[in-house]
Number of protein chains: 2
Amino acid sequence: MDLKDRIIETSLTLFEQHGFHGVTVNQIVSESGTSKGGFYHHFQSKDELLFVIHDYFISYVLTKAKETIETNDHPTEKMQKIIKSFVKVFDIYKPHISVFYQESIYLKPQYVDAIKEKRQSYKAVLFDVIREGIEKREFRSELPVEITVMSILGMVNWSYKWYKKDGEKTIEEIADIYVDLILHSLLTEQTKKDARFKEYFLENHLTASKK
Amino acid sequence: MDLKDRIIETSLTLFEQHGFHGVTVNQIVSESGTSKGGFYHHFQSKDELLFVIHDYFISYVLTKAKETIETNDHPTEKMQKIIKSFVKVFDIYKPHISVFYQESIYLKPQYVDAIKEKRQSYKAVLFDVIREGIEKREFRSELPVEITVMSILGMVNWSYKWYKKDGEKTIEEIADIYVDLILHSLLTEQTKKDARFKEYFLENHLTASKK
DNA sequence: CTTGACAGACCAACCAGTCGGTCTCAGTGC
DNA sequence: GCACTGAGACCGACTGGTTGGTCTGTCAAG
């Protein structure tokens, strides 16, 4: 791991704990075992560092989501895969995500456009899946697409506020719960009975408690 | 409106736009038409101002939620009322909420405990409703209480990132959609058929599009 | 000898907070 | 009715510490 990465990793941890403005360049520098010179050799400014962190994460997530929808799956399957893959990102990128949602307000104007665009693309992916789901009668037709997308995003994204790696539930379990909740909201009664999607519901899991 | 309130209102707007550290006391002072002296006459420090904003909002929401559950309603009704009342808070207190979730990381240690306690109480209210719902067989028994609470909180709280007062949908409409989504995730098939709860679902609203 | 990676002393700007001062007004004594 | 006093509300020039960023070097590799 070279110096640049070490600086990023250190900053991530520090930013997550104390916020962008709660951390000085001197702290970053000393915790990553380098110097002002080392830092400014790799980054034009503290603001550029913030941008690099943002871009790194959003690019990764966006690529993953696009991969998922370029299949011939049913919308229900797509939704399940998107959610699972996104939730799993928390295990690796939680600090990135925290910084992404917590500190984006401090991104300098010159950087915001690049990030905004990718953010929009990510939302668009979800939009398309839901629209497709409604068209194909798998999802309830009375759902307003925009609000539904924002609800799903909110539910999943909020995890950054409380998810702990060594918590009671594994990331896989949490992802399964989200899938269950979301699909229960989205699917029509008809689709819920479809045997192909049975495995997505908690009540049919082997671990579920049955009376 | 006296000076103290004017300072709070101005700060709220500024903090929401630029973040706590993106706003200087001088800015606050000049935008609220006062002076350094005026500011420090009412607040011990910039940090205290942040605390006052936090406390004001969380106290309000907590009181509202406690009022709601001190009824003899069914859990389903309670859940619906809590969600509706909380979502409606966005219309009045959106800046408070934004600052609450965005800047709490910068609260000084001396203030965090007071806020944390009220935050926990709020979660506890939701916990209780869900537990009661499961006990009374209105909510699905396979739901893990903690994650479900966090999902609901996430879904609703996330609104602060995108809700605009003059947006396409009114706050009432958004609240109704949340209620529909959440109840579809929570309720048992049996309970969904209960005529008393019919009005909570979008498909039974007068405005819903029917083929 | 050149170039890229890194070191660290130094600087200028900024910003939260201070402090002596002014203005207004209610209360008090005569 | 008037002069005096003191307290609370508010003013704004000033300061001292902090912080992002610079600049001159050093050194190892090629």
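Q: What makes the largest share of the surface near DNA strand C in this predicted model?
A: In this predicted model, α3(A) gives that share, with five residues. Sugar and phosphate account for 59% of the atoms of DNA strand C that come within 4 Å of the protein.

Q: Why is the pairing of A:H41 with a phosphate oxygen of DNA strand C called a polar contact?
A: A polar side-chain atom of A:H41 lies 2.8 Å from that phosphate oxygen. The limit for a polar contact is 3.5 Å, therefore the pair qualifies.

Q: Why is the link between B:D180 and A:R140 called a salt bridge?
A: The closest N and O atoms of B:D180 and A:R140 are 2.6 Å apart. A side-chain nitrogen of Arg must be within 4 Å of a carboxyl oxygen of Asp, so the pair meets the definition. The count between chain B and chain A is two salt bridges.

Q: How do you know that chain B and chain A are in contact?
A: 42 residues of chain B are in contact with 44 residues of chain A. The two chains bury about 3700 Å² between them, 62% of it on carbon and sulfur atoms.

How values were computed:
Residues are numbered from 1 along each chain as its sequence is written. Chains are lettered from A and ligands numbered from 1 in the order in which they are written. This is a predicted model: local features need pLDDT of at least 70, side-chain atom pairs count only at pLDDT 80 or more; totals for chains, interfaces and linings use all residues. Side-chain values use heavy atoms; hydrogens and water are left out. A residue is near a molecule or strand if one of its heavy atoms lies within 4 Å of it. A polar contact is a pair of N or O atoms within 3.5 Å; within protein, one must be able to donate a hydrogen and the other to accept it, and residues adjacent in sequence count only if both atoms are side-chain atoms. Helices (H or I, at least four residues) and strands (E, at least two) are DSSP runs, numbered from the N terminus. Contact means heavy atoms within 4.5 Å. Buried area is the accessible area (1.4 Å probe) that two parts lose on being put together, summed over both.
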